[in-house]
Amino acid sequence: MIQIKGETSFHLIQTMRLWNAGHGGVYALVTVQTPVNPYLNVPEREIETPSGKTLTVVNPAYMTRQLGERLKDTQVEIHLTSLKPLNPNNQPDSWEREALSSFEQGEQKRMILSNGVYRYMQPLKVEPACMECHQSQGYQVGDIRGGLSISFPSDDINELLAGLRAEIIWAHQIAYVLLLLIALLVQVLIHKLATKLQYAKSRQDELNTLASTDELTQLANRRHLLASFFERYQTVETQNLPFSVLMIDIDYFKMVNDRYGHQMGDQVLKRFANELMKNLRDHDLSGRYGGEEFMVALNANIALASTVAERIRQAAEEISFYAEEAFTISVSIGIAERRFNQPKGPEDLIRMSDEALYQAKARGRNRFCVATQNGSVIIND
């Protein structure tokens, strides 16, 4: 701020000086305030007008000194000075002398705060128009001729700075409030977006569940069951692990529907699906294959798969129903194992377990059969 005010004042005065020098000085009426400049040695320094008035040349230095006189006791004071002044009144004080010496070393400006006054000073260089007066002193164009010292009270700057600080503080407070409001708005928007995303995810999960789950039994539906089965088959085949399939059918299910109605048939399917899940591990794969038929895939060999099949068969027998009368159900199960039966692929393994199921039904139902390479063998007669 000090530099800006100092530079502004300097350039304004320097512009007037250059204008004066460009005209070779200007004539002014000789008065008490503007006497003849005894230090100016130029032709026609004084002239007389036809009306008898005396005019004298006012060169840039004289004009600057007169401006300085007019500015005394104001908010800005100027002093034209030099290390080799023609006018003794232009002698520098100690600070100005130090500044002038530094200008000759290449320094471009100098500032100081002293006794409540800011002082600013810049060098003045010799212009071609200056040579008429100063050539005798040995100056060349471009040399440092002197300097212009500008002084102004610190209160003026301090008051301005205080105003700027108040404006900055107020601006910061407004900016803080705006940022706080923006942050709150962003937080609300993020919360709304997160809520919408959560809702969308919930809806997507719900749709995925509906697309992959049998509505009645809440087991995997046929499409999802087979997709998961084929994926798991590839894994166990790559790692050469035991893998068995159980095809399960509720015996005489059509008779239940015909005798007790489809609503009771639905209850039978749901109750059996619930018991089926109780007798399987969390990582076992199960689902409704179609109608009253269910499918289970186990990471297990024939022996373990047979144990699971028998447990499922017994659990089915223990379910009680009541319509017009009390009744129970039974299931038939066919088992095939990947390594034991050496199927050509996942579809072949399902086919073998389905054929074993057919054998279990043909042999009287309420039992399981294990598929072999040469047919099916009854395990639990």
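**Close-up views of a predicted model**

**View 1. Glu292 and the residues around it.** Leaving out residues up to four places away in sequence, Glu292 touches Ile248, Asp249, Ile250, Phe253 and Leu269, where contact means heavy atoms within 4.5 Å. Glu292 sits in the loop between strand E9 (285-290) and strand E10 (293-298); helices (H or I, at least four residues) and strands (E, at least two) are DSSP runs, numbered from the N terminus. Because its relative accessibility is 25%, Glu292 counts as partly exposed, a class that lies between buried (under 20% relative accessible area) and exposed (over 50%), computed with a 1.4 Å probe on protein chains only. From C-alpha to C-alpha, Glu292 and Asp251 are 8.7 Å apart in space, although 41 residues separate them in sequence.

The model is predicted, so local features need pLDDT of at least 70 and side-chain atom pairs count only at pLDDT 80 or more, whereas totals for chains, interfaces and linings use all residues. Residues are numbered from 1 along each chain as its sequence is written, and side-chain values use heavy atoms, with hydrogens and water left out.

**View 2. Glu7 in helix H1.** Glu7 belongs to helix H1 (residues 2-22), and it counts as partly exposed because its relative accessibility is 22%. Apart from neighbours within four places in sequence, Glu7 is in contact with Lys109, Tyr120 and Gln122. Glu7 and Ile150 lie 143 residues apart in sequence and 9.3 Å apart in space, C-alpha to C-alpha.

**View 3. Helix H11 and the residue Gly364.** The buried residues of H11 include Pro346, Leu349, Met352 and Lys361. Just after H11, Gly364 adopts a positive phi of about 120 degrees.
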